[in-house]
Protein chains: 2
Amino acid sequence: MTIPLDIHLKIGGIIFPNMDQCDFTGPFEALARVPNSSFMTIWKDRNPVRDLAGMQLLADTTFDEVPQLDVLLVPGGYGQEALMNDETVLSFIRRQAAGARYVYSVCTGALICGAAGLLQGKRATTHWTAMDVLPLYGAIPTDERVVIDGQFVSAGGVTSGIDGSLIVVSLLRGETVAQELQLYMAYDPKPPFHAGSPATAPDSILATITERARAITEKRMATGRAYQSRIGGA
Amino acid sequence: MTIPLDIHLKIGGIIFPNMDQCDFTGPFEALARVPNSSFMTIWKDRNPVRDLAGMQLLADTTFDEVPQLDVLLVPGGYGQEALMNDETVLSFIRRQAAGARYVYSVCTGALICGAAGLLQGKRATTHWTAMDVLPLYGAIPTDERVVIDGQFVSAGGVTSGIDGSLIVVSLLRGETVAQELQLYMAYDPKPPFHAGSPATAPDSILATITERARAITEKRMATGRAYQSRIGGA
């Protein structure tokens, strides 16, 4: 059931150092254009935040100032690891999740939501390199591009955030609005190669990217195991 | 022929007020990860630039400071109109184009390149609402998602910039590198609806978005006609 158009929607997304900017900017394109809504970009302060590849973004507002949101977007990227024990971030996510209609994670943003305790018993997805980390947060890894489990919506790696954002728009305002935004965005993708997922990429490409992600993947696994010991022992 | 890996590539992209951020941030994801390259975000100053939907981006450097680039990315969005007679911007584009390997326009960034005089006799594409504007700049409108005409590469609306960026990467560094980035970005798109192009969108959706773009389209046509009179009369 979508939300009546006369109800104003508050949508917000977190940015953070060494995030993957596309996890945020892809969904922003649709989410910031939801009819009768406002979008807030959120971080600890209003200083420039550099993404993993150096793009500089600025927050509009800070955690303390954000009202209850209808939708909270949580992107990922290597910098996600630095937030996994950051109570300022985790308690913000928990607090917002308690009242939000949807929490929407993109890529390894799912792991941050996991560290906030949101994933217990939930079906979820994340970047394909990090799927094995999800169970450490009590989630049920689900190999789909976008997964909806109640309030929690998750998209897979990076660009899957665009697909997921159109689904979130359709949940909020219906399919017509989502299709209007899709046409505006000319989202009729034609990838020039067939290497976009582990299932379609040539073996050698898959091996290269798996190896390139090995250090961060091991770190994510270790963080997840530490979380599990802590929760299990509580 | 790709460029030997030991040659460092300088890649840069312009940002500007009321741009469509996704025209820039989509391609950034791949272009900022080209092996042995650096990426510069460029504007007149280092103050925050707000895109059409309010996202705040910051430039790393200014027009005067940018060395000769190998690739210049020119995004679009409604704010493109304000640049069409801005000699600071247009002369920068002309100067860079004279020495760049590629000029890569996304969405209505093609019109800015047109105003800079780069499109005479070139096959090019742009956002579908602006295709009729291209001939006013001497371009040959080409209804493909990504068009390559010599040094000039153009992508259609908004998200087509992602497809085009992988093609630019393959031109620079070969298909293996482009496929590695595609897998990293999990670019295996699954649009939830079939409304991403005028050919696939339901008639009512097409009518809505065409109407919503009417004022800016008329403005773009008028700017293009003024350009043509000026050039024709020169």
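A rotation of 180° with 0.0 Å of shift along its axis superposes chain B on chain A, with an RMSD of 0.0 Å; the superposition is by least squares on the C-alpha atoms of residues with pLDDT of at least 70 in both copies. The two copies are thus related as by a two-fold rotation axis. Of the residues of chain B, L57(B) comes closest to that axis, its C-alpha lying at 2.4 Å.

This is a predicted model, in which local features need pLDDT of at least 70 and side-chain atom pairs count only at pLDDT 80 or more, while totals for chains, interfaces and linings use all residues. Residues are numbered from 1 along each chain as its sequence is written, chains are lettered from A and ligands numbered from 1 in the order in which they are written, and side-chain values use heavy atoms, with hydrogens and water left out.

The interface takes 62 residues from chain B and 62 residues from chain A, where contact means heavy atoms within 4.5 Å. Because 100% of the interface residues of chain B are also interface residues in chain A, the copies meet through the same surface. Chains B and A bury about 5,300 Å² between them, 63% of it on carbon and sulfur atoms. Buried area is the accessible area (1.4 Å probe) that two parts lose on being put together, summed over both. L183(B), Y184(B) and F193(B) supply 14% of the area that chain B buries against chain A, more than any other three residues.

Two helix pairs are set out below. Helices are DSSP runs (H or I, at least four residues), numbered from the N terminus. Axes are lines fitted to C-alpha atoms over the stretch in contact, and angles run from 0 to 180 degrees between N-to-C directions.

| Helix pair | Axes come within | Crossing angle |
|---|---|---|
| α5 (175-184) of chain A and α6 (203-212) of chain B | 9 Å | roughly 55° |
| α4 (160-173) of chain A and α5(A) | 7 Å | roughly 145° |

Within chain A, L166(A), V169(A), S170(A) and R173(A) of α4(A) meet E175(A), V177(A), A178(A), L181(A) and Q182(A) of α5(A). That contact divides into five nonpolar, two polar and two charged residues.

Notes:
Nonpolar A, V, L, I, M, F, W, Y, C, P; charged D, E, K, R; others polar.
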